[in-house]
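Here are my notes for your first pass through this one. Have the viewer open while you read.

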Amino acid sequence: MTKLTRKDILGLQDMSTDEIYLILETAQSHKEILGRPVKKVPILRGKSICTLFYENSTRTRTSFELAAKIMSADTTSISVAGSSINKGESFKDTLLTLEAMGVDLFVIRHGAGGAPHFAARTVKSHIINAGDGMHEHPTQGLLDMLTILENKGKFDGLKVLVVGDIMHSRVARSNLWGLSKMGAEVRLCGPSTLLPAEIEQLPVKVYTDLDDAIDGVDVVNVLRIQLERMNRGFFPSVIEYASMFGVNKTRLMKAKSDVLVLHPGPMNRGIEITPDVADGDFAVITDQVTNGVAVRMALLYLLLGGGGNVVSD
């Protein structure tokens with residue numbers, strides 16, 4: 001496979017293994033640009049990219065904007081505060097207005113699951129899902145996969161544990177769809193109150209005891225506990241959560257001796273992960289951040305500059 005034939009990137013659930021490999025291989029080739037003294041190439045000169053964020057974000061938005069600027073695209077950043085969205089303009093009208101101004105590709109984060117799918121049906125411009133509701137975060141899933149591939153050289157046969165607030169995590173969903181279809185065994189672990197009701201229907205192994213879940217795994221992906229949601233009584237206390245589900249050095253010894261530790265950030269040090277693990281030899285958390293730029297460069301290139309300019313009917 002040499003090019004994407006899809007118009008949008010909405011999730012990993014419906015993406016083929018060939019498409020995932022194409023994106024990861026393209027990201028690996030684009031990553032070389034990030035090591036140059038002058039990080040600028042003209043691949044997307046003349047293309048217009050809009051980041052349309054209905055939720056706060058620092059690293060995802062910045063990563064997309066850096067990726068676009070490195071490839072010489074023009075970027076526009078729209079957030080709810082200070083825009084016509086705050087005056088009551090509908091999502092549809094915002095999209096149509098910006099498309100009429102010449103936007104070629106929208107990067108959308110929205111609190112409502114399915115919002116990027118609606119956008120993809122509404123405009124002819126390309127759409128990349130930067131996180132929707134409790135659904136998917138495909139670019140985070142892809143950058144996690146790139147980091148694993150760089151360090152392990154394969155997916156088939158790996159045991160990957162995702163631990164934390166599974167129910168609210170779009171990172172967990174993109175990880176489980178992407179990794180399971182590439183041949184990895186995906187384990188999900190968290191308090192029973194933070195596991196989704198439909199979890200038995202997913203291609204995963206489910207655990208509520210971290211000491212059992214971490215046994216013999218190749219990768220531990222630690223999710224951020226979203227403290228803003230935790231006033232709803234999902235677990236008794238932060239101290240108890242850290243005791244039962246926090247990843248520390250003692251627990252990590254039960255994993256493979258060359259285990260990788262991932263975290264999508266931002267981290268709550270001392271809660272879901274101890275500082276000595278976050279800064280330890282097994283952590284590849286800053287590599288994930290770098291790979292995030294490379295993956296987003298690859299996606300922008302494949303959709304706008306790499307022969308994948310398929311316009312919707």
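1. Start at T58, which sits in the loop that runs between β1 (48-53) and α2 (59-70). Helices here are DSSP runs of H or I with at least four residues, strands are E runs of at least two, and both are numbered from the N terminus. T58 counts as exposed, with 63% relative accessibility; the cut-offs are under 20% relative accessible area for buried, over 50% for exposed and partly exposed in between, using a 1.4 Å probe and protein chains only. T58 and P266 are 208 residues apart in sequence, yet their C-alpha atoms are 9.5 Å apart in space.

2. Some ground rules. This is a predicted model, so local features need pLDDT of at least 70 and side-chain atom pairs count only at pLDDT 80 or more, while totals for chains, interfaces and linings use all residues. Residues are numbered from 1 along each chain as its sequence is written, and side-chain values use heavy atoms, with hydrogens and water left out.

3. How does α2 pack against helix α11 (residues 285-305)? Their axes are 8 Å apart, at an angle of about 55°. Axes are lines fitted to C-alpha atoms, for helices over the stretch in contact, and angles run from 0 to 180 degrees between N-to-C directions. That makes α2 and α11 oblique to each other; under 35 degrees would be roughly parallel, over 145 roughly antiparallel, 65 to 115 roughly perpendicular, and the rest is oblique. On the α2 side, the residues include R59, F64 and I70, and they meet α11 residues including V289, R296 and L300. Contact means heavy atoms within 4.5 Å.

4. Now look at helix α1 (residues 17-31) and helix α5 (residues 138-152), whose axes come within 10 Å and cross at roughly 70°. α1 and α5 are therefore roughly perpendicular to each other. The contact involves I20, I23, L24, A27, Q28 and K31 from α1, and L142, M145, L146, L149 and E150 from α5.

5. Another loop worth a click is the one between α9 (249-252) and β9 (260-262), where you'll find M253. Is M253 buried or exposed? M253 is exposed, at 70% relative accessible area. M253 and G216 are 37 residues apart in sequence and 9.2 Å apart in space, C-alpha to C-alpha.

6. Last, confidence. The average pLDDT (the predictor's confidence in each residue, from 0 to 100) is 93, and 95% of the residues score at least 70. Over residues 307-313 the pLDDT is below 50, though this stretch has 18 contacts in the model beyond near neighbours in sequence.
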